[in-house]
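Colleague: I would like a close look at one part of this model, with the side-chain contacts spelled out.

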Amino acid sequence: MNIKIENLSKIYGNGNHAVKNLNLNIENGMFGLLGPNGAGKSSLMRILVTLMKPSSGSIKVNELDIIKDRKEIRSMLGYLPQDFRFFSSLSTWEFLDYAARLAGMKSGKERRAAVDKMLEEVGLFEARDRQANKLSGGMKRRLGIAQALINNPKIIIVDEPTTGLDPEERIRFRNLLSTISTQDVIIILSTHIVGDISSTCTNMALLNRGELAYSGPPDDLVAQAEGKVWLVKATESEYMEINEKYPVISNVPTEEGWEIQLVADSINGYYGENISPNLEHAYVYFMESKLQQWT
Ligand code: ADP
């Protein structure tokens with residue numbers, strides 16, 4: 001599978017320029033779309049899932065065009081929106097059966113087999129008779145991914161996948177997606193949570209104010225922050241100054257004052273050493289240096 005996005009722009013009726021001349025190539029595997037609120041992630045997702053047309057530019061899925069071949073592309077898509085809701089009275093099994101019917105699976109026998117198999121895969125078989133809207137947050141999320149996957153989609157789009165999940169459920173959900181991504185599919189995760197991407201995605205894009213700020217492997221973004229992450233030992237008054245001047249990632253009180261992790265090109269006048277960057281450091285460095293908030 002291949003998704004080729006060329007010169008894509010979206011301007012809303014009120015003049016908001018949500019996506020600006022975006023060029024991006026997405027191949028098989030797990031792809032992370034990262035950016036702060038307002039970066040344009042949801043707008044791009046809505047265009048990708050054919051719920052909204054771009055103002056200009058094109059998207060090709062293999063050789064199909066997202067506007068001209070909308071119907072065909074739709075049949076390849078599985079989508080888990082951020083605010084996914086369940087119909088109140090349906091059991092988990094009934095809900096998934098309903099989703100399968102909507103996805104065009106007409107034969108009852110075929111549907112029953114597909115629903116049972118999917119419930120097994122997402123670990124909800126035991127909960128199949130429980131009311132869907134009474135499941136735990138993590139289970140609801142897994143049922144959400146199950147409905148997105150029921151028709152064996154080639155492109156799976158998940159918006160803010162781990163919002164509201166506890167750490168254990170978060171890991172379980174990520175692992176579930178990783179398992180699927182070994183097939184001939186593209187999984188796009190849109191998120192503002194750096195951890196969702198660092199642990200799973202082979203490639204990523206960073207959006208900022210509608211523009212592509214970075215695309216490539218997460219490790220290459222991390223490498224750009226090499227030499228820019230500092231562990232600084234500071235007194236109480238230095239800590240106040242540093243907090244004003246630099247983006248502080250973390251701070252730990254010590255007997256003498258504070259140990260602070262920050263990102264910056266240099267830390268003139270303070271005592272500190274470089275430490276190895278991770279994706280969170282790199283993300284903050286990248287965003288802050290784009291905005292040029294420090295000197
Ligand atoms: P993200 O998902 O990264 O938070 P969005 O795509 O939701 O970003 O928003 C990008 C920009 O487009 C923001 O400035 C937002 O206010 C604007 N926007 C989003 N949806 C609409 C809409 N329906 N009408 C007008 N402006 C919108």
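Is aspartate 196 buried or exposed, and which side chain does aspartate 196 meet in a salt bridge?

Modeller: This is a predicted model. Aspartate 196 is buried, with a relative accessible area of 1%. Its side chain meets that of arginine 174 in a salt bridge, at 3.1 Å from N to O. Arginine 174 belongs to helix 6 (residues 167-180) and aspartate 196 to helix 7 (residues 194-198), so the pair ties together parts that are 22 residues apart in sequence. Arginine 174 also counts as buried, at 16% relative accessibility.

The structure has eight salt bridges by the rule used here. One of them joins the side chains of aspartate 97 and arginine 111, with 2.9 Å between N and O. Since aspartate 97 lies in helix 3 and arginine 111 in helix 4 (residues 108-121), this pair ties together parts that are 14 residues apart in sequence. Aspartate 97 and arginine 111 are both buried. Salt bridges with shared partners join Asp97, Arg101 and Arg111 into one network.

Helix 4 also holds lysine 117 and glutamate 121, four residues apart and separated by about one helical turn. Lysine 117 and glutamate 121 form a salt bridge, their closest N and O atoms being 3.4 Å apart. Here lysine 117 counts as exposed at 54% relative accessibility, and glutamate 121 as partly exposed at 43%. The aspartate 196 pair, by contrast, has arginine 174 buried and aspartate 196 buried.

How values were computed:
Residues are numbered from 1 along each chain as its sequence is written. This is a predicted model: local features need pLDDT of at least 70, side-chain atom pairs count only at pLDDT 80 or more; totals for chains, interfaces and linings use all residues. Side-chain values use heavy atoms; hydrogens and water are left out. A salt bridge is a side-chain nitrogen of Lys or Arg within 4 Å of a carboxyl oxygen of Asp or Glu. Helices (H or I, at least four residues) and strands (E, at least two) are DSSP runs, numbered from the N terminus. Buried means under 20% relative accessible area, exposed over 50%, partly exposed in between (1.4 Å probe, protein chains only).
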